[in-house]
Amino acid sequence: MSISAAFFAQAQDVSVIRNSIDVYSSSQNIGSAKFNAMGGSNGALGGDANSLLTNPAGLGVAISGEVSGTLSILSNKNTSSMAGSSVAYKSNQGDLGNVGAVMTFQLMTESAWKFINVGVNYSNQSIDNYVETPGNSNLIYDFNNGNSSSLARHAYDRYGYMSKTSLGVGANYNHNLYIGAGLNFFNSSIDQSDTAAFTSLQTGASEYFSKQNTPFFERGNGFSASLGVIGKVSPNFRLGAALETPTFWNIDRSYNFYNDAIYGDDYAIENRKFTSPLKATVSAAFIANKSFSLNVDYSLGLTTPKYKEYGVAETELNDFFKENSKNVSEVRLGAEYRLKQFRLRGGYAYTSNPLDALVISSFNNDGSTSDKSYNNLMLNNRNALSFGLGYDFKSFYIDAAYQNISSKYTNPFMRGVVNDNVEAGYYSPTQLISSDSYAVSDVKNNRNNFFITLGWKF
């Protein structure tokens with residue numbers, strides 16, 4: 001635990017670590033309303049373009065062509081609490097969340113190969129996330145000019161998007177074995193800031209500060225590949241397995257820096273290479289009859305996130321991930337019941353905490369400091385519940401889904417050491433804040449998402 005504290009107490013901004021896991025290593029994908037209603041669980045069921053999000057072998061299950069489009073309405077609410085006060089902030093975002101298509105090619109031969117199918121899937125989601133924490137009048141900083149100020153507020157503000165375009169092929173062998181492969185292309189945009197406001201104890205005036213090397217802007221593109229297989233154990237039972245390579249990211253970034261001995265306050269541009277974890281998924285499906293089906297997926301990250309090391313910053317990040325990250329596991333469960341043309345769906349998903357417990361020096365509510373252990377620092381496990389309805393008009397269909405995702409974590413900020421080796425404080429045009437300890441708030445994150453899909457089968 002002391003090693004964890006040592007690695008965490010470096011110059012990296014907390015949001016860089018969080019985004020490395022929450023954005024660049026995340027498997028969250030917006031699918032169709034059916035996919036989302038079933039908790040994103042379809043690894044052994046397949047049958048549509050969303051198979052490319054879990055197991056490309058599911059493309060081989062399709063026996064007819066299909067195209068669909070999904071409207072997503074995403075609502076994200078954060079409530080950050082500290083020292084008996086709370087601030088809640090809610091944002092809403094509407095967009096084209098998913099487009100998918102499958103083309104089926106039936107092989108008119110005596111071979112056991114029945115279909116060769118081609119699929120394309122596009123997913124897009126907002127990654128906006130604003131966390132504002134109330135101040136604490138007991139957290140007082142003394143400046144070199146003799147003035148003192150108390151913490152008035154702090155905010156992490158991230159806005160941007162993540163998209164994934166997948167191309168794949170699936171094959172059907174004698175309606176008993178399905179194999180598939182896919183290529184995935186990612187694009188991301190992140191605008192991130194880390195700011196604090198302080199109130200002067202002498203004048204009552206407010207002053208605003210930015211963390212060293214923030215705000216920063218990142219534009220990334222990535223690539224991964226996936227392979228999968230689904231086998232029928234019996235007419236009612238299927239097993240599936242898939243492997244997705246790490247996503248190899250190329251990230252162009254720019255950031256503001258302050259108080260440099262040569263350049264003063266300015267901005268810099270750099271490039272980073274990032275590799276997300278390798279991921280494996282196993283699945284099982286039970287198809288009781290044409291009216292009821294059930295699917296469960298289990299995914300596990302097999303490696304740790306890693307940056308290509310160009311200097312001290314990437315080395316610090318890799319040391320942190322090596323010592324403190326855990327293999328992320330996900331369980332997804334989904335079911336569908338059909339009553340004539342009506343569809344009733346439900347799902348649940350659980351994602352484990354990606355980080356070990358960490359010991360850090362943090363402020364108490366009275367302004368004193370002490371070393372504390374946190375088992376949910378920056379990120380935590382996530383639970384998702386969903387349900388949906390659909391109606392099949394034979395050639396056309398319409399589906400709707402609701403999804404709730406919740407998580408609770410502790411939010412560290414305000415640490416920034418300034419010495420001969422590290423320049424990581426909070427800066428304003430006239431003042432500098434250097435602190436060996438973190439202020440920590442408790443954050444409740446709640447997402448309520450709605451999806452509507454229109455599709456055509458041919």
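Residues are numbered from 1 along each chain as its sequence is written, and side-chain values use heavy atoms, with hydrogens and water left out. In this predicted model, local features require pLDDT of at least 70 and side-chain atom pairs count only at pLDDT 80 or more, whereas totals for chains, interfaces and linings use all residues.

When residues up to four places away in sequence are not counted, F413 is in contact (heavy atoms within 4.5 Å) with M82, T133, L151, H154, Y156, Y426, Y438, A439, V440 and S441.

The structure contains 19 aromatic pairs, defined by ring centres of Phe, Tyr and Trp (its six-membered ring) within 6.5 Å, with planes under 30 degrees apart counted as stacked, over 60 as edge-to-face and the rest as tilted. One of them, between Y24 and W249, is edge-to-face, at 5.0 Å centre to centre and 65° between the planes. Because Y24 lies in the loop between α2 (14-22) and α3 (33-37) and W249 in strand β10 (residues 248-260), this pair ties together parts that are 225 residues apart in sequence; helices (H or I, at least four residues) and strands (E, at least two) are DSSP runs, numbered from the N terminus. Both Y24 and W249 are buried, and together with F186, F274 and Y307 they form one aromatic cluster. The charged end of R272 sits over the ring of Y307, 5.5 Å from its centre, the criterion being NZ of Lys or CZ of Arg within 6 Å of the ring centre and within 35 degrees of the ring normal.

Strand β8 (residues 216-234) runs antiparallel to β9 and is joined to it by 8 bridges, pairing being assigned where DSSP finds at least two bridges between two strands. L227 stands opposite L243 in β9, and β8 and β9 form a hairpin with 2 residues between them. β9 also pairs in the antiparallel sense with strand β12 (residues 279-287), over 8 bridges, and T281 in β12 is the bridge partner of A242.

Methods
Buried < 20%, exposed > 50% of the residue type's maximum accessible area, 1.4 Å probe, protein only.
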